Amino acid sequence: MKGKHIKIFDTTLRDGEQSPGFSMNLREKIEMGKQLERMGVDIIEAGFAISSPGDFLSVKTLAETLKECVVASLARATKQDIDRAWEAVKGAEAPRIHLFLATSPLHMQYKLKMTEEQVLAQAIEMTRYARQLCPDVEFSAEDATRSDRVFLAKVIEGVISAGAGTVNLPDTVGYSTPSESYSFFKEMHEKAPSLNHVTASCHCLNELGLATANSLECVRGGATQIECTVNGIGERAGNAAMEELIMALHVRKDVFGAETKLNTTEIMRSSNLLSRITGMKVQANKAIVGQNAFAHESGIHQHGVLANAETYEIMTPESVGLTKNNLVLGKHSGKHAFQERLKTLGYDLSDDELAVAFEKFKLLADKKKQVYDMDIEAIIAKESVQVPRTFKLERFVINCGTSISATAAVSLSKGAKLTERMAMGSGPLSAAFNTINKIIGRTLVLEDFKINAVTEGEDAQGDALVHIRTEENVTYTGRGLSTDVVEASVMAYINAVNKMFYAERE
Ligand code: KIV
């Protein structure tokens, strides 16, 4: 049975990135964008071009890099915003301008200070303006679900006649319930019949934990595009989670009669990449991508699954890209075998990237008896989001114990210049981090620190994550990977420092 096609509009890099703790630098956005493209999303919202020079550059770069999907920039319904959005996306194979204007009484009265007539006129005029620049225009009626339905219908008809090919009706504050979402989309299709001839989009926020359920009900009510983010990241409680939506549509096609063109086996990689980039792991019991989503702990469940997986599994782990932790290669494996393994894992690296990754693999294989797919993925993920290294770790020594204060000596090089300093701390890591602060001449605050084992076993690599806060209250995330957890932590701190210098230079 072929279901109706639902377009997936990913806004991880715009709505998702907008939330505290999730900011990404240009390289990270490119890496995430490429992964979303590999997964097969229809539209990537790359950012809000006018919001900052950095956002403009990311949208422009992504527009010029991604070839398989539509690349959109958000814009308020003003000429200045629309011009900037167009400037950023016009180099794309398939550019889109996504403009928005609020239509609810609350937003119009208190935020916009505009009447219904003014909002309607501006929505139409700006859609027409955007359409003169770009053949693909989306209009979002912000806070649509709390808008007057008769007025909203006039806006929908107006922007469609002005050239909008997609009309988005967001539940901006996550206020709707599933049954309301269904009847809302049904009603708007009846009140504004032109909605049947364009793409009708939903964009549900998660304040009440209903974003996924609401989006699915919007689809039953007539939506043909869903706006969502990987891992459900986004403002406040987040957006509808892409992995949940596509698996719900996939597994319950009998209910929704709809399908997407996404490759579901790329779900885990997308989720992991985002967690690695932002340093924000999903909770263990998170649907689809949580560590426990396919784990069966109780004896009864294990027995059932062994007898027939369908007893307790409604989808296979493989269908979301969760592969067995295969033993791959050892220290005698050659570059060719390594490259073949990367291809099987879905990575297509340039010659330079391959050379760097192979060198890292060899170093790891020297330290670790068995190298698994997850080790390789961790190496690739780390290298792919590496920024130019202002400071490089040369060596360190840390002295610590129960009856002495921790002291660290660290040597960092910056180009040809080597600097060595010593400092104390309340523990080995704080001593090392204080020493690095001394060398770079900054007073950075450690906001958060985590370390996870990439695989099982005593010789597992430690994957360290640090969040640092600058004197100007900007936060940066850094990652370090090593079989020595202290080294991984020091490397993570230096990675965050290098990201800070990179961002400050850019
Ligand atoms: O939540 C919202 O209404 C939005 C729109 C701008 C699409 O993010």
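Predicted model: local features only at pLDDT ≥ 70, side-chain atom pairs only at ≥ 80, totals over all residues.
Trainee: Let's start with helix packing. At what angle do helix H17 and helix H18 pack, and how far apart are their axes?

Mentor: An angle and an axis separation describe such a pair. Here H17, residues 428-440, packs on H18, residues 485-505, at about 30°, with the axes 10 Å apart. That angle makes H17 roughly parallel to H18, because angles under 35 degrees count as roughly parallel.

Trainee: Is the crossing of H17 and H18 right-handed or left-handed?

Mentor: Right-handed.

Trainee: Which residues of H17 and H18 meet?

Mentor: From H17 come Leu429, Ala432, Phe433, Ile436, Asn437 and Ile440. Facing them in H18 are Val486, Ser489, Val490, Tyr493, Ile494, Val497, Met500 and Phe501. Sorted by class, this contact holds 12 nonpolar and 2 polar residues, with no charged ones.

Trainee: What does the contact of H2 with H3 look like by class?

Mentor: Take the geometry before the classes. H2 (residues 26-39) and H3 pack at about 35°, with their axes 10 Å apart, and their crossing is right-handed. Leu26, Lys29, Ile30, Gly33 and Lys34 of H2 touch Asp55, Leu57, Ser58, Thr61, Leu62 and Thr65 of H3. This contact divides into 4 nonpolar, 4 polar and 3 charged residues.

Trainee: Now the rings. How many aromatic pairs are there?

Mentor: Rings pair if their centres lie within 6.5 Å, and the count comes to 7 aromatic pairs. One of them joins phenylalanine 48 and phenylalanine 100, with 6.3 Å centre to centre and 70° between the planes. The pair is edge-to-face, because planes over 60 degrees apart count that way.

Trainee: Where do phenylalanine 48 and phenylalanine 100 lie?

Mentor: Phenylalanine 48 is in the loop between strand E3 (43-47) and helix H3 (53-65), and phenylalanine 100 is in strand E5 (residues 95-102), so their pair ties together parts 52 residues apart in sequence. Both phenylalanine 48 and phenylalanine 100 are buried.

Trainee: What sort of pair do phenylalanine 433 and tyrosine 493 form?

Mentor: A stacked one, at 4.2 Å centre to centre with 10° between the planes. Phenylalanine 433 belongs to helix H17 and tyrosine 493 to helix H18, so this pair ties together parts 60 residues apart in sequence.

Trainee: Which residues form one aromatic cluster?

Mentor: Look at Phe338, Phe358 and Phe361, which form one cluster together.

Notes: Residues numbered from 1 in each chain as written. Heavy atoms only, no water. Axes fitted to C-alpha atoms, helices over the stretch in contact; angles between N-to-C directions. Helix = DSSP H or I, 4+ residues; strand = E, 2+ residues; numbered from the N terminus. Parallel < 35°, antiparallel > 145°, perpendicular 65-115°, else oblique. Left-handed = near helix turned anticlockwise from the far one by under 90°. Contact = heavy atoms within 4.5 Å. Nonpolar A, V, L, I, M, F, W, Y, C, P; charged D, E, K, R; others polar. Phe/Tyr/Trp six-rings, centres within 6.5 Å; stacked < 30°, edge-to-face > 60°. Buried < 20%, exposed > 50% of the residue type's maximum accessible area, 1.4 Å probe, protein only.
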